[in-house]
Amino acid sequence: MKKILAIESSCDETACAIIDEELNILSSVVTTQIDVHARFGGVIPEVASRMHVEQISTIVDEAVKKAGINVEDVDAIAYTIGPGLIGSLHVGGIAAKTLAFFYDKPLIGVHHLKGHIFINELLEPLEYPLMALVVSGGHTELVYIENENDFKIIGTTLDDAVGESYDKVARVIGLEYPGGPKIDKLAKEGKKNYTLPTPKVDGLNFSFSGLKNATLQLAQRIERNGEEVNKADLAYAFQEVALNSLVKKAQKALEEYPCKMFVIAGGVAANSRLRELVEENITGVKKILPPLKYCTDNATMIGVAAWHYYHNNKFVPLNAESKPNMSIED
């Protein structure tokens, strides 16, 4: 049985996994830096890359031992080539290239967001054409996928990514980083009390900057009036507008680009309210909601995606450059 060793280090998780060609997960090890970056209210790139350097060798060694194999036994080395923080990408890239060179293995550079999409294959085979709603701290995209090699962005954010907006609104409410899970939890205690404007953007694109600013202004106006902001109600108001805008655009995209399957991918795919809205409103097409443990960054998703690259002979040379702004269409 062929195997791939995969490394992920695009942001603040250092991860390594070993996946066989039937998508059996032989091992998956992830360490996160969230507690460190929480002190700064967000990811500090220099700190992230330094911590990757400190952890990468240990993480790879642990993954190999848990799989019960030697590095010589794998058939390829995969890593996240982009997008992401340049320093973080470099650490994972250098580790992967070192292993590929020393053990004479082919090298696969995986697009991070394709990993988030292909991880859904752990639930069932993907059917094409496929529509993916990619939602994370750095990306908000609607991607039409004709086949495993043909990705087309049909909608994207014009300003903030939805996950980035969650973090910024969380600071307004007084919640610690990362803000997404905390707003999701707090919103469950809220009710329809405040009104926020729905972003108005033509076509299939998104915008969250105006919503973020409107949330801040609403909080400031309430305080100026000598009242106390109901944080749960404000979280509820923000989340309902933000997530309904995502789902409505997805519905419109499916009308314009009929598909056999719809998936959500990325860190915000773990949001409980988004999952409810998708289940309720995306109809007439097969849907996959990824397992919660695979919504955040991990190397399993890089390994699953790498098999598509492997079977299509898509390898990169040892001098391949990391691509922090890499498009999913590349």
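Predicted model: local features only at pLDDT ≥ 70, side-chain atom pairs only at ≥ 80, totals over all residues.
Residues are numbered from 1 along each chain as its sequence is written, and side-chain values use heavy atoms, with hydrogens and water left out.

Switch to cartoon and you get 10 helices and 10 strands, which are DSSP runs numbered from the N terminus (helices H or I, at least four residues; strands E, at least two).

Now select Met131, Leu142, Leu246 and Phe262. Among the 50 residues of the largest nonpolar core, these touch the most other members. Such a core is a set of buried (under 20% relative accessible area) Ala, Val, Leu, Ile, Met, Phe, Trp, Tyr and Cys residues joined through side-chain atoms within 4.5 Å. Elements giving two or more residues to this core include strand 6 (130-135), strand 7 (140-147) and helix 8 (231-256); helix 8 gives the most, 13 residues.

Zoom in on leucine 246. Beyond its neighbours within four places in sequence, its contacts (heavy atoms within 4.5 Å) include Leu133, Val162, Phe206 and Leu274.

Next, pick Val134, Val263, Ala265 and Ala299: they belong to a second, separate core of 35 residues.

Last stop, leucine 318, in the segment after helix 10 (299-311).

Conventions: Buried < 20%, exposed > 50% of the residue type's maximum accessible area, 1.4 Å probe, protein only.
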